[in-house]
Amino acid sequence: MGPPPQGPDDKALQLMKIFLWSPASGWPSMEAATAPEVAPGSTLKVKEASPADADLPQASPQRGAGSPTPQLLPPIEGGSPSPALSFHHSEHPKIWLPRALRQTYIRKAGDTVNLLIPFQGKPKPRAIWTHDGCALDTSRVSVRNGDHDSILFIREAQRADSGRYQLSVQLGRLEATATIDILVIERPGPPQSIKLVDVWGSRAALEWTPPQDTGNAALLGYTVQKADTKSGLWFTVQERCHRTSCTVSNLIVGNSYAFRVFAENQCGLSETAPITADLAHIQKAATVYKTKRFAQRDFSEAPKFTQPLADCTTVIGYNTQLFCCVRASPKPKIIWLKNKMDIQGNPKYRALTHLGICSLEIRKPGPFDGGIYTCKAVNPLGEASVDCRVDVKAPN
């Protein structure tokens with residue numbers, strides 16, 4: 001007689017059975033133990049026997065040479081199959097943990113958490129969830145257990161929902177467990193303070209302190225912004241700054257600036273940012289102009305006539321003018337003479353001097369106005385003179 005029929009082939013569980021045949025009776029005796037496979041991320045445990053497990057099928061131990069040969073009783077008509085036959089239809093509990101849940105599962109605050117974890121086991125195993133070793137808070141977390149999977153659902157995740165969740169699938173003395181780490185994050189708090197350390201040229205140095213609350217996640221850096229008092233608009237000058245200090249350059253001369261800094265993590269920038277209490281005034285550098293000293297040239301010179309007087313003949317009753325040019329420094333005193341006699345102040349004569357050009361007007365000369373006229377220039381360095389002859393004729 002052949003061996004009894006085996007159970008269905010399951011990809012997750014492979015049963016290795018070794019049948020030893022007794023020549024006395026021809027009935028097989030099952031001798032082997034099972035060697036189950038465990039899915040990655042889960043563990044299989046065998047609990048100690050309890051009175052409740054007394055009715056479960058067990059493999060027969062190794063028998064000695066003189067032990068009686070075990071015999072299988074035929075099934076009772078209309079009744080349930082024997083325990084030996086039902087053993088072949090059982091499956092060890094095993095959890096199929098999705099690859100995405102084998103590392104920390106990160107969600108933002110307010111998002112929905114919906115985890116479906118498939119498992120196997122026959123008869124239907126018992127699935128139990130725990131959070132950090134304690135029972136779940138049913139007011140926030142919902143669990144639905146099916147025949148082949150278990151669903152953990154959180155409608156709006158909060159930071160308090162972060163932690164280690166463990167799913168335990170129990171079937172008699174056998175137990176499979178899987179662990180899932182959930183991290184709920186949110187935006188970080190603002191840096192505690194920001195201070196303007198120094199201002200020089202077109203640069204400003206800033207320092208700030210890290211935020212007290214990082215949003216349950218590592219900080220990616222800080223974002224620094226500036227705003228001038230004229231426009232009041234904020235512009236980003238540095239992103240993902242990993243230090244708690246920075247130097248802002250290329251500030252416009254004549255403007256005054258305020259600064260603020262945001263903290264940033266995986267969720268984004270902090271909702272608020274501290275602003276510097278003091279303004280950075282970018283002042284124009286004082287320029288000192290130094291005049292180059294030149295040696296003063298001495299232009300002093302004694303009078304010298306560059307254009308002498310010219311002899312002329314005039315007609316009685318017609319005005320006549322005499323011209324000459326003189327160069328001197330300092331400006332010379334001009335004296336007009338007629339026949340070596342000073343004629344200054346005589347209303348018949350009009351003397352003018354402009355830019356070194358000397359002129360003498362003889363108004364309506366008469367027969368006695370002819371003679372030798374002299375122009376004399378005098379200054380502290382010396383004197384010079386020129387002469388000319390004027391003849392007065394009667395009209396024809």
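Let's start with a contact: the side chains of aspartate 369 and lysine 348 meet in a salt bridge, 3.2 Å from N to O. By salt bridge I mean a side-chain nitrogen of Lys or Arg within 4 Å of a carboxyl oxygen of Asp or Glu. This is a predicted model, where local features need pLDDT of at least 70, side-chain atom pairs count only at pLDDT 80 or more, and totals for chains, interfaces and linings use all residues. Residues are numbered from 1 along each chain as its sequence is written, and side-chain values use heavy atoms, with hydrogens and water left out.

Back to the pair. Aspartate 369 sits in the loop between β27 (357-362) and β28 (371-379), lysine 348 in the loop between β25 (341-342) and β26 (349-354), so the bridge ties together parts 21 residues apart in sequence. Strands are DSSP runs of E, at least two residues, numbered from the N terminus. Aspartate 369 is buried, at 9% relative accessibility. Lysine 348 is partly exposed, at 25%. Buried means under 20% relative accessible area, exposed over 50%, partly exposed in between, with a 1.4 Å probe and protein chains only.

How many salt bridges does the whole structure hold? The search finds 13. One of them joins lysine 124 to aspartate 147, with the closest N and O atoms 3.5 Å apart. Lysine 124 is exposed, at 51%. Aspartate 147 is partly exposed, at 47%.

Now the sheet. Three strands form an open sheet, ordered β13-β14-β17, with antiparallel pairing. Strands pair if DSSP finds at least two bridges between them. β13 (194-200) and β17 (245-248) are the edges, each with a single partner strand, so one side of each has no neighbour in the sheet. Four bridges join β14 (residues 203-208) to β17.
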